[in-house]
Amino acid sequence: MLVSLGTLGTLNQGDLNLWEYLVLAALGGIAWYRARLPDVQAEKHLRPFHPLGPLHLRRAWQGALFTGLLTILLRVALLPVLPIPAAMGHDEFSALLQADTFAHGRLTNPTHPMWQHFESVHILQRPTYQSMYPPVQGLILAAGQRAGNPWFGMLFASALMCGALTWMLYGYLPAEWALFGGLLAVLRFGVFSYWMNGYWSGAGAALGGALVLGVLPLRRRRFAVLGCLGLAILANSRPYEGLLMAAGVAIALVWEWARSPGFKFFPGWRFVAPGLLLLLAAHGAMAIYFRAVDRKSVV
């Protein structure tokens, strides 16, 4: 069944599943056939965890920039028919409360004296008045609110997500397939999904996951800080799923390091220090935030 353009801003995940499955099945068959061709199998950058060459890496950054900007341009162009959405769901109001708190320079809010009469879904009332969710979504919306409208945060977060997904795919696929996958992400998640057309989104978690998975094929020490940034984002958006992903990536990295020539169990402080400092700063900020929400004296 066709979906009218006027309803695209409120699409649910199930609305497009049928044709998505058909398209993905067809693309999967084409990709499987293409990958079995001799010339493709001979390309070194298709091997798992093989370091990308400078040209392919430059194309990855160019593809990420292209899909990120395309996400913004397409969604802005659709504003006459898909205007800035209004919040409707409980999750959205919870995230907007968190965003407004952050935008005003506070970590949380004092409990209302008559809080029993103002209880809301997904919102804490005691010991302080704040959203029940981790802070990444609130920070995204707060950045947009400071820029003029909370939805601006969703616009740029979706653009960063699509760019990061494209950059990640370049590490696992040929350039043309990676860019095509990034364009699929732009259309499905970056423009016509509730991730863009609302205030409750998985864009932050997807951005973090793409950064974590994207460092695996690079195997360059200077990119480790991007993986640690992805871990920090996951810890503050989807902590349980992020922990499972981090464990899998850690096992893969240790396995590859152990098999590499001249393996050293400790890769050196120049490799560890930047990412470790970033993670320590992120965990310190998390401790301050959770402590503020959990105590009566509001910060």
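Histidine 122 sits in the loop between α4 (90-103) and β1; helices (H or I, at least four residues) and strands (E, at least two) are DSSP runs, numbered from the N terminus. Its phi is near 65 degrees, a positive value in a residue other than glycine. Histidine 122 is partly exposed, at 26% relative accessible area. Buried means under 20% relative accessible area, exposed over 50%, and partly exposed in between, with a 1.4 Å probe and protein chains only.

This is a predicted model, in which local features need pLDDT of at least 70 and side-chain atom pairs count only at pLDDT 80 or more, while totals for chains, interfaces and linings use all residues. Residues are numbered from 1 along each chain as its sequence is written, and side-chain values use heavy atoms, with hydrogens and water left out.

Proline 127 belongs to the loop between β1 (123-124) and β2 (130-131). Most residues other than glycine have a negative phi, and most peptide bonds are trans.

The protein has 11 helices and 2 strands, in the order α-α-α-α-β-β-α-α-α-α-α-α-α along the sequence. Of its 299 residues, 42% count as buried. Among contacts (heavy atoms within 4.5 Å) with a separation of 6 or more, 75% come from residues 24 or more positions apart. The protein exposes about 16,800 Å², and carbon and sulfur atoms supply 70% of that area. Accessible areas come from the Shrake-Rupley method with a 1.4 Å probe; for residues, only the protein chains shown count as cover.

Two packed helices are described by the angle between their axes and the distance between the axes. Helix α9 (residues 224-235) packs against helix α10 (residues 239-259) at about 150 degrees, with the axes 7 Å apart. Axes are lines fitted to C-alpha atoms, for helices over the stretch in contact, and angles run from 0 to 180 degrees between N-to-C directions. The pair α9 and α10 is therefore roughly antiparallel; angles under 35 degrees count as roughly parallel, over 145 as roughly antiparallel, 65 to 115 as roughly perpendicular and the rest as oblique. Leu231, Leu234 and Ala235 of α9 meet Pro239, Gly242, Met245 and Ala246 of α10.

Alanine 250 is also in helix α10 and is partly exposed, at 37% relative accessibility. Valine 272 lies in helix α11 (residues 269-293); valine 272 is partly exposed too, with a relative accessible area of 21%. The table gives one C-alpha pair for each residue.

| Pair | Separation in sequence | C-alpha distance |
|---|---|---|
| Alanine 250 and leucine 216 | 34 residues | 9.6 Å |
| Valine 272 and alanine 224 | 48 residues | 8.1 Å |

A search of the whole structure finds 1 salt bridge, defined as a side-chain nitrogen of Lys or Arg within 4 Å of a carboxyl oxygen of Asp or Glu. Glutamate 241 pairs with arginine 238, the closest N and O atoms being 2.7 Å apart. Glutamate 241 is partly exposed at 40%, as is arginine 238 at 43%.

On the surface, Leu65, Leu69 and Leu73 form a nonpolar patch with about 320 Å² of accessible area together. Patches are made of residues with over 30% relative accessible area and no salt bridge; like charges are joined within 9 Å, and nonpolar side chains (Val, Leu, Ile, Met, Phe, Trp, Tyr) within 5 Å. Leucine 65 lies in helix α3 (residues 54-77) and counts as exposed because its relative accessibility is 56%.
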